[in-house]
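Me: I would like to learn how to read the features of a model like this one. Could you take me through it step by step?

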Amino acid sequence: MPVKSLLTSNEKTLLNRAVEAELYASNFYRHLANQCQRLGYFGAQKYFQAEAGHEVEHYQALASFINDRGDVATVPTIEAPEDEITSLRDAIEAAFDTELQLERDYSDWYRRCDSEVTRQFLLQFLEIQRKAVGEFGDLIARLDRAGDDPCGLLLIDKELGE
Ligand SMILES: [Fe+2]
């Protein structure tokens with residue numbers, strides 16, 4: 001039986017923004033996967049395809065939470081990703097920027113929530129973002145080591161596919 005929503009309208013707005021951000025991130029990783037495939041980085045292609053799947057899981061966690069609180073997630077129109085990707089570094093840096101922005105957004109949404117229950121739920125996303133930012137930061141450090149060496153870049157690509 002449907003219950004009256006336990007979310008404030010402010011929280012519902014914030015959570016629906018998170019829903020949209022996770023769906024955008026999923027599409028963005030599909031975009032990066034396609035661009036990497038075109039560049040011949042098949043390990044990175046596989047890696048970003050898997051990332052796209054993780055973002056859908058994050059979306060689903062949000063939709064299920066909204067449902068648990070007696071409400072329903074809005075499935076929004078998602079803006080098309082258009083970032084130009086001409087190198088493996090472009091792809092990794094774009095991923096880093098996306099995750100860092102999401103970390104900032106989740107911090108903001110966490111602070112602006114009205115209830116402890118919603119804040120407690122959002123804590124897991126702060127941890128997810130911290131780990132994602134750290135992971136892509138490490139990859140940028142690896143790219144710095146490889147420089148313009150094609151063999152080094154292909155080695156990193158191979159590792160990404162494993
Ligand atoms: Fe995510």
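Me: Which residues does Leu88 touch, not counting residues up to four places away in sequence?

Reply: Two notes before we look. This is a predicted model, in which local features need pLDDT of at least 70, side-chain atom pairs count only at pLDDT 80 or more, and totals for chains, interfaces and linings use all residues. Residues are numbered from 1 along each chain as its sequence is written, and side-chain values use heavy atoms, with hydrogens and water left out. Now, contact means heavy atoms within 4.5 Å. With residues up to four places away in sequence not counted, Leu88 touches Tyr41, Ala44, Leu143, Leu153, Ile156, Asp157 and Leu160.

Me: Which residues touch the most other members in the largest nonpolar core?

Reply: A nonpolar core is a set of buried Ala, Val, Leu, Ile, Met, Phe, Trp, Tyr and Cys residues joined through side-chain atoms within 4.5 Å. Buried means under 20% relative accessible area, exposed over 50%, and partly exposed in between (1.4 Å probe, protein chains only). Here the largest core has 24 residues, and Leu32, Phe48, Leu88, Ile92, Phe136 and Leu160 touch the most other members. At least two residues of this core come from each of α1 (9–39), α2 (42–68), α3 (88–112), α4 (116–146) and α5 (150–160). Helices (H or I, at least four residues) and strands (E, at least two) are DSSP runs, numbered from the N terminus. There is also a second, separate core of 20 residues, including Ala18, Ala21, Leu23 and Ala63.

Me: How do I read a helix such as α5, and which of its residues are buried?

Reply: Start with the general idea: an α-helix has 3.6 residues a turn, so residues three or four places apart point the same way. In α5 the buried residues are Gly152, Leu153, Ile156, Asp157 and Leu160. Seen down the axis of α5, they fall within an arc of 140 degrees (taken from the directions from the helix axis to the C-beta atoms), so they line one face of the helix. These buried residues pack against α2, α3 and α4. The face turned away from the buried side of α5 carries the exposed residues Cys151 and Lys158.

Me: Which residues coordinate the iron ion?

Reply: Look for donors, which are N, O and S atoms within 2.8 Å of the metal (3.2 Å for Na, K and Ca); water is not among the atoms, so sites may look incomplete. In this model Glu22 (OE), Glu55 (OE) and His58 (ND1) coordinate the iron ion at 2.0 to 2.2 Å. Their spacing in sequence is E-x32-E-x2-H. Glu55 and His58 both sit in helix α2, three residues apart, about one turn of the helix. Glu55 is buried, with a relative accessible area of 2%, and His58 is buried too, at 13%.

Me: Is Gln129 buried or exposed?

Reply: Gln129, in helix α4, is buried, with a relative accessible area of 1%. Not counting residues up to four places away in sequence, Gln129 touches Glu99, Leu102, Glu103 and Tyr106.
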